[in-house]
Amino acid sequence: MTSFQEHIRSAMQPLANDAAAIAMRAYQRDQFEFLGVAAPARRAATMPLIKELKPVSAKSLIAEAQGLWDLPQREYQYIAVDLLARHVKILSGEDIPALLHLALQKSWWDTVDGLVKVVGAIVKADKAQQSQMDAALLHDDFWIRRIAMLHQLAWKGETDVARLKAYAKQLAPESEFFIRKAIGWALREYAWHDSTCIRALLAEMGDTLSPLSRREAGKHL
């Protein structure tokens, strides 16, 4: 364990709350152990340490994130995502496979959606990396496909609309809840920027979109 990881653990351990941990574990369907530290307290305790860290390379940054990911309590995976997001500018397209590898460990919507923002920031800064998202859309694991569907969240005018539509059409036949939800979320987010486009897409796709995806996409239309 690195000194950074030790300092993170030392900052978190005094905040542990057994009663809160039980509730947090139940909320996540008893899949993960928790310390019982709420997000505001977690960030207050760890963000100064994250800001002070000066990663010498993308490789070292990802290694620190992996070390936190390996710890048993869920809060450490959240801290790993905070760490990556804070220092995302030193990451590049070469690091996307490592980030997707993290997403495949202890997978659930909370960590996966945190990594969506990290991957999305990298791809937004270098649009050529969208070819990696094209590949991710075909991945065997639906969490990776979810990242591909959501990677353009909040891109507004920079959104590759053709890709957004193509991804929605590619994934539309899937029955997985988290994929159907992702389709709706991605379309709803872009609808804030161009509602006419999303209205037209919903009309075009008709019943090929699941009721869940249609409902989510049309929430604010």
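Residues are numbered from 1 along each chain as its sequence is written, and side-chain values use heavy atoms, with hydrogens and water left out. Because the model is predicted, local features need pLDDT of at least 70 and side-chain atom pairs count only at pLDDT 80 or more, while totals for chains, interfaces and linings use all residues.

**Aromatic rings**

A pair of aromatic rings is described by the distance of the centres and the angle of the planes. Rings of Phe, Tyr and Trp (its six-membered ring) pair if their centres lie within 6.5 Å; planes under 30 degrees apart count as stacked, over 60 as edge-to-face and the rest as tilted. The whole structure holds six such pairs. One of them joins Trp-108 and Phe-178, whose centres are 5.2 Å apart and whose planes stand at 70°, so this pair is edge-to-face. Trp-108 belongs to the loop between α6 (96-103) and α7 (109-125) and Phe-178 to helix α11 (residues 177-191), so the pair ties together parts 70 residues apart in sequence. Helices are DSSP runs (H or I, at least four residues), numbered from the N terminus. Both Trp-108 and Phe-178 are buried; buried means under 20% relative accessible area, exposed over 50% and partly exposed in between (1.4 Å probe, protein chains only).

Phe-178 also pairs with Phe-142: the centres are 6.5 Å apart and the planes at 10°, so this pair is stacked. Phe-142 is partly exposed, at 22% relative accessibility. Trp-108, Phe-142, Trp-143, Phe-177 and Phe-178 form one aromatic cluster.

**Salt bridges**

A salt bridge is a side-chain nitrogen of Lys or Arg within 4 Å of a carboxyl oxygen of Asp or Glu. The count comes to 15 salt bridges, including the following.

| Salt bridge | Closest N to O distance |
|---|---|
| Asp-30 and Arg-25 | 3.6 Å |

Arg-146 and Asp-113 are both buried. Asp-30, in turn, is partly exposed, with a relative accessible area of 46%. A network of salt bridges links Lys-181, Arg-188, Glu-216 and Lys-219.

**A buried residue without a partner**

Glu-75, in helix α5 (residues 74-86), is buried yet has no salt bridge. The nearest side chain of opposite charge, Arg-42, is 7.0 Å away; Lys and Arg count as positive and Asp and Glu as negative, while His and the chain ends are not counted.

Technical notes
Helix = DSSP H or I, 4+ residues; strand = E, 2+ residues; numbered from the N terminus.
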